[in-house]
Each structure stands twice: as structure tokens, then as C-alpha cells.
Amino acid sequence: VSLGISRPMLELSNFRQAYDCAKQSLQMGRVLQQRARSVVTHYEDLGIFRIISLAESPASMERFCQDTIGALVDHDRQCGTELVKTLHVFLEHNQNSAKAAKALNIHYNTLRYRLDQIKEILGDVLDRPQQRLTLEVALQIHSLIASR
């Protein structure tokens with residue numbers, strides 16, 4: 001059983017909005033928690049995914065990902081590497097190399113090597129906050145697109 005829960009609405013006239021929020025929560029919850037048999041997702045917990053799911057079209061999201069991390073995705077596909085996953089885990093662990101290496105189950109030096117490869121492909125994006133945020137959003141969208 002899966003459930004999407006909207007934010008509280010006090011007026012009956014807001015029923016349609018509450019329904020849309022609950023539907024969005026249900027859809028995004030299923031995508032974000034694919035491995036779970038049952039999912040309960042609150043609208044307030046969607047965070048940035050509220051914006052992503054409202055994008056004008058899936059094609060625009062794919063273009064954004066291609067523009068942002070496409071070179072990395074292509075490199076992984078052509079060379080059989082896991083640079084996208086490495087970058088995602090590294091950012092998830094607040095750029096803590098030791099924690100990221102442990103989460104990836106790889107040696108610290110292997111992580112450093114992969115990060116150097118990422119830097120070669122994407123440039124110094126990890127050193128600039130706005131670029132880092134763009135990367136994080138693109139990685140989240142890429143995960144959603146890949147899970148479809």
C-alpha cells in the first residue's frame with residue numbers, strides 16, 4: 001500500500017489543490033523509494049522534488065541533465081566507470097572523502113582518482129557553490145529519469 005499525503009487544507013474549496021499535492025506526493029514517493037513495498041510520502045517532505053515534478057516537460061529535465069552532467073554520463077557509458085554514482089555519493093556525504101569511499105566500498109585513493117577524473121570532465125564545479133547545487137539537482141533528476 002502506498003500513500004501520498006498533502007499539506008493540511010482548512011477550506012473545502014482547496015480540495016483540488018490538496019488532491020493534486022497528495023497525487024504528486026504519491027508519484028514522487030514511488031519513484032524515490034522504488035525498493036520499498038509500501039510508501040507513505042508527505043508533500044512537505046518532497047523538498048526540491050516538488051519543483052522538479054512540476055517542470056514544463058520531461059524533455060526539459062533531460063536537457064538540463066544533459067547540459068549539466070551529460071559528459072559524465074557519456075563517459076560512464078563508454079568506459080564502464082561509475083563516475084556519476086561516485087559524484088552523487090560524494091555530494092551526499094558533504095564532500096567527505098572518507099565517508100564517501102566507505103559508502104562506495106572503495107579505497108580512499110580510488111575515490112580521489114575518480115574525483116580527479118570528474119574534475120577533468122566537468123571542470124572545477126565542486127569548488128563553486130552555485131555549480132555544486134546545479135550538479136546536485138541534476139544528479140537527483142538523473143536518478144528520477146533513470147528509474148522510469
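**Exercise 1. The packing of α4 and α5**

At what angle do helix α4 (residues 83–92) and helix α5 (residues 97–104) pack, and how far apart are their axes? Classify the angle and describe the contact.

Solution. 

Step 1. The model is predicted. In this model the angle between α4 and α5 is about 130°, and the axes are 8 Å apart.

Step 2. Angles from 65 to 115 degrees count as roughly perpendicular and those over 145 as roughly antiparallel. The angle of about 130° therefore makes α4 oblique to α5.

Step 3. The crossing of α4 past α5 is right-handed.

Step 4. On the α4 side, the contact is made by Lys85, Thr86, Val89 and Phe90. On the α5 side, Ser97, Ala100, Ala103 and Leu104 take part.

Step 5. Sorted by type, the residues of this contact are 5 nonpolar, 2 polar and 1 charged.

**Exercise 2. The packing of α5 and α6**

Find how α5 and helix α6 (residues 108–122) cross, and list the residues that touch.

Solution. 

Step 1. The axes of α5 and α6 come within 9 Å and cross at roughly 105°.

Step 2. Since 65 to 115 degrees is the range for roughly perpendicular, α5 is roughly perpendicular to α6.

Step 3. From α5, the contact uses Ser97, Ala98, Ala100, Ala101 and Leu104. From α6, it uses Tyr108, Leu111, Arg112 and Leu115.

Step 4. The division here is 7 nonpolar, 1 polar and 1 charged.

**Exercise 3. Burial in α4**

How many of the residues of α4 are buried, and is His88 buried or exposed?

Solution. 

Step 1. Helix α4 is mostly covered, with 8 of its 10 residues buried.

Step 2. The buried residues are Leu83, Val84, Thr86, Leu87, His88, Val89, Phe90 and Leu91.

Step 3. Histidine 88, which lies in α4, has a relative accessible area of 18%. The cut-off for buried is under 20%, so histidine 88 is buried.

Step 4. Leaving aside residues up to four places away in sequence, histidine 88 touches Leu139, Gln140 and Ser143.

Step 5. For the protein as a whole, 36% of the 148 residues count as buried.

**Exercise 4. Positive phi values around the helices**

Locate asparagine 94, glutamine 95 and asparagine 105, and give the phi of each.

Solution. 

Step 1. Most residues other than glycine have a negative phi.

Step 2. Glutamine 95 is in the loop between α4 and α5; its phi is positive, about 60°. Its relative accessible area is 31%, so glutamine 95 is partly exposed.

Step 3. Asparagine 105 sits in the loop between α5 and α6, with a positive phi near 60°. At 72% relative accessibility, asparagine 105 counts as exposed.

**Exercise 5. The whole chain**

Summarise the secondary structure and the confidence of the model.

Solution. 

Step 1. The protein has 7 helices and 2 strands, in the order β-α-β-α-α-α-α-α-α along the sequence.

Step 2. The average pLDDT is 87, and 92% of the residues score at least 70.

Step 3. Among the elements, helix α2 (residues 49–52) has the lowest mean pLDDT, 70, and α5 has the highest, 97.

Step 4. The C-alpha atoms fill a box of roughly 55 × 30 × 25 Å along the principal axes.

Note on methods. Residues numbered from 1 in each chain as written. Predicted model: local features only at pLDDT ≥ 70, side-chain atom pairs only at ≥ 80, totals over all residues. Heavy atoms only, no water. Axes fitted to C-alpha atoms, helices over the stretch in contact; angles between N-to-C directions. Helix = DSSP H or I, 4+ residues; strand = E, 2+ residues; numbered from the N terminus. Parallel < 35°, antiparallel > 145°, perpendicular 65-115°, else oblique. Left-handed = near helix turned anticlockwise from the far one by under 90°. Contact = heavy atoms within 4.5 Å. Nonpolar A, V, L, I, M, F, W, Y, C, P; charged D, E, K, R; others polar. pLDDT = per-residue confidence, 0-100. Buried < 20%, exposed > 50% of the residue type's maximum accessible area, 1.4 Å probe, protein only.
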